[in-house]
Structures are given as structure tokens and as C-alpha cells.
Amino acid sequence: MTHDYEDALEYSARWLDLIRMDRFPTEAEGKQIIDESKQNFAEHFNRGWLEYRKSVTEAGDWAAVEWTGSGAIFKDVLGREYLDCLGGYGMMDLGWCHPDVIETVKAQLTRSPMPSQELIDPLRGVLAKLLSTITPGELKYSWFAASGTESIEAAIKIAKLFTGRAAFIVAVKAFHGKTMGSLSMMGKSDYRAPMGPMYAGPVYHVPFGDAEAVERQLEICDKVGIPVAGVLFEPIQGEAGAIVPPDDFWPRIRAATKKYGALLIADEVQTGLGRTGKLWGVEHWNVIPDILSVAKSLGGGVMPVSAVCTTEEIFKPMMYPNPFMHTTTTGGGALACSAAIASIHVTLRERLWEQAAQKGDYLIPKLQEFASQYPQIYEKITGKGLLIGMHFKSPEIGYQVAAGLFKRGVLVAGTLTSAQTIRIEPPLIITKAQIDILLDRLEDTLKTIAVK
Ligand SMILES: Cc1ncc(COP(=O)(O)O)c(C=O)c1O
């Protein structure tokens, strides 16, 4: 089959013009972009995805095609504004297009976006040093990639390499990503069951927050000679709906992992960098993990970048005898590192974790008031800081709330498979006035649902 590629050349040229355009699209251009985007998603990207998105809009037609944003507000291609209370599932702590991150990335982009891979590129080292300064305890070395799931894959390998063991203990309803290793540690059958055999070593799932179950599993594994390499949990479960464990959970599993020689791995992909009101989720309980994974907001909502951080002792087998034991060509590239350095700088300068704590302390009680006012609608409110779950009586009600809010210009989302729990996870820089707008529009939505 021969191709002259003329169509693709023309199509990409037209889109390059649109991408490089330094003005907002006209209404006609906007409508054209909407039609084309819907068509492209349906025919070439993922029709089911498009239809799922459609279902969360009141109009039944996903005509909102995003174009740009600033702070907690983004605009669609027709110039309509939305208040972002989803924050890219935790990737937008700094909001849309944070100027410091954009400026830094632009500067690095024109100098050198990617390293040679042979010489020493400075930014990788800078980011590793910064992470060693801001992570808890003696975590000192970092390995970089682009996504959260890659950072979990690396954590699994590091735990295996260091301990020489293969078993893991993880949580029911946990979410750690969808590559095969991370998927094996996930606690949701929707994603695991269709994929067949998983990680070959033993993986034990226990209820999240049940310290006794972890202690018992470690003891059983020890008794029967299946030594555990790692115990992996999110500090606060995100995708499960912002589930906060009891206060004794993290301190007890820290003690138990030490007792049995297993490594404690904190998946801070969603909770890290201030989301829950502390810089790291584990800091709510003063626990220092052996391995910590971070991603999402590490890139400041601008670049994909993730890291796994650990101690010198645990990282040693990643350095000797083979320093290329676990690598990825593009991970930790200069652009990604520049974004992460800027993102960490802004997070520290603005003390974003304190902002998350204060704003959560304002927002959560108000949501709890709604929950007691509308017991026929709400099950409960969970979460800490700005990682908040609104749990409803049924998925239909959750769907109505998400759709009602979207109709009123506020973006929220359910968990990946159900609308019964709606997460509220805005950028940490959201203003108090914007939180009040969310509350007003939510109240308005609840009133409409209550009379149905
Ligand atoms: C706690 C946690 N770990 C890992 C991941 C996977 O990250 P990514 O989607 O970047 O692969 C997620 C994503 O939502 C997450 O919430």
C-alpha cells in the first residue's frame, strides 16, 4: 500500500497554525474545533471515553472542548468559563498554567529540552537534591519517570532488589496505576480481572486502615516462609474516594514493617506536595516511609514527571553493580525536571500545604452541613485538606450532582468507575471566593435534586 501522506501533512499544518495562534479562536473556529474534536475522539481516540464524558453533561452532548486556563478557572474553546474543582485528579495543585512554571519550562525549552543521556545533565541532580531536602527522614536518592504508575513500578523493583523478597501487602480499593506491576497492587477488580495473570509473586490485599490486618498478614507470611518485600499504601486513599485511615494505622504498620524487615512504601502520587494539608500525607502521622512515590503535581500541571525517593542504603542495589538496572530514556528529562523544580519552589514559597489545610477546614464542615441537611442525598463526607470525597446514596444521585454542577460551570468528577462518590480536588491556589462559588452552586444543585 502506498501513501503520499498529503492529507496528514495538510491536517498537521492546519493544526500547527491553530496551536501557534496567539489569539483566542473566533466563534466559527471554536465550533469547528468542537466538531472536529468530537469526531476525532469518536473515530480515532476512544468512543467509549467520549460517551462516558457525555454522560456527565446535562445537555447530553459533550460540547465543551477545553482550550486554556489560569489559576482555578479554565475556558472552553467558545470562551465559556469553568471553576476547576477536579484539578486534573490531583495534577493541578498550582492551577492552570502557573506563570512561574511556564516561564521556567519555556526558558529550558529553548536551551535544551532533553539531555544527551551520556553527559551529566544538571537539572536531574538538582531535582534529586531538592527532593532529598523536602521528603521525610533520610530519603536521599531519587529515580525519575513521567507517570505515577512508573514511580510505583520502580518502588516495587527497588523493594525486591533491596530485600531479595517477592511478596507485597496492599489495600482493597487501592489505586496505584495501570501498568502490570502497579495494577497487581491495585485493589479494584474492574481493572485487574480482565487482564489475567498479574505479578508473579504473592500479593495480599487487606482492608485499608486496618492495622491489625497488616500485622496479622506480616506475621502469617513470616510463619509460613513467604517473606514480605514491601507494604504499599496511599496515605489517604484517593481514587477510593478520599478515605482517611484511623490515626493508629500508619504508626502501627511502620512498627510492624520494621519488625518483619519489610519496606514501607508510601504512594504519595496524589497526596504528595500539600494536597491533604501537609506537604506529605504520611506527615499527618509523623511516619517516615522507606520508599516514597510522587507524581501528578510534581510537574506543576505543566509537564509529566514522577519520582521515587528512598534512602541511600535501600537505593544501593540500583547503583551497584549495575547502575542501569532500572532506566527509562525520557524519564527525568530537562523539561520535566525544570517544571518540577519550579513546582517545588512555588509550593514551598506559597506554603501550599497550609493553604490546603486552611481551605479544607473551611470547606469540609460546610459540605458536612449539606450532608446533614440532605440526608436523602448524602451518605457522608470524607477527606483531609483539599482531597475531599462526597459520598452519595446512589451513583444516580452522584451523577445528578456532577451534571448539575457542570451545568452551573463547576467541574468535579466521580471515581473512575462510579459517580456514587464525587471528588472535590481543586487547585490548592483556589481562592476563598471561588470556594464560596462552589458552595453556592452546589447548594443550588442539591435543592433541585431534593425536590425531584
Ligand atoms: C495514588 C495514586 N497512585 C498512582 C497513580 C497512577 O498515576 P498515573 O495516572 O500518573 O500513572 C494514581 C493516579 O490516579 C494515584 O492516584
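Colleague: How many residues of strand β4 (residues 141-145) are buried?

Modeller: Five of the five residues of β4 are buried, so this strand is largely enclosed by the rest of the structure. A residue is buried if 20 or more other C-beta atoms lie within 10 Å of its own, exposed if 12 or fewer, and partly exposed in between, with C-beta atoms placed from the backbone. Y141, W143 and A145 point one way from β4, while S142 and F144 point the other way. Strands (E, at least two residues) and helices (H or I, at least four) are DSSP runs, numbered from the N terminus. Residues are numbered from 1 along each chain as its sequence is written. This is a predicted model, where local features need pLDDT of at least 70, side-chain atom pairs count only at pLDDT 80 or more, and totals for chains, interfaces and linings use all residues.

Colleague: Which way does β4 run relative to strand β10 (residues 306-310), parallel or antiparallel?

Modeller: Strands of a sheet pair through backbone hydrogen bonds, in either sense. Two strands pair if DSSP finds at least two bridges between them. Here β4 and β10 run antiparallel, joined by five bridges. W143 stands opposite V308 in β10.

Colleague: And in what order do the strands of the open sheet come?

Modeller: The order is β1-β2-β3-β13, with mixed pairing. β1 (66-70) and β13 (410-411) stand at the edges with a single partner strand each, so one side of each has no neighbour in the sheet. Strand β3 (residues 81-84) pairs with β13 in the parallel sense over two bridges, and L83 has V410 as its bridge partner in β13.

Colleague: What do the buried residues of helix α11 (residues 249-260) pack against?

Modeller: They pack against α10 (211-224), β7 (228-233) and β8 (263-267); contact means C-beta atoms, placed from the backbone, within 7 Å. Those buried residues are F249, W250, I253, R254, A256 and T257. After α11 comes G261, whose phi is positive, near 70 degrees.

Note on methods
Two residues are in contact if their C-beta atoms, placed from the backbone, lie within 7 Å.
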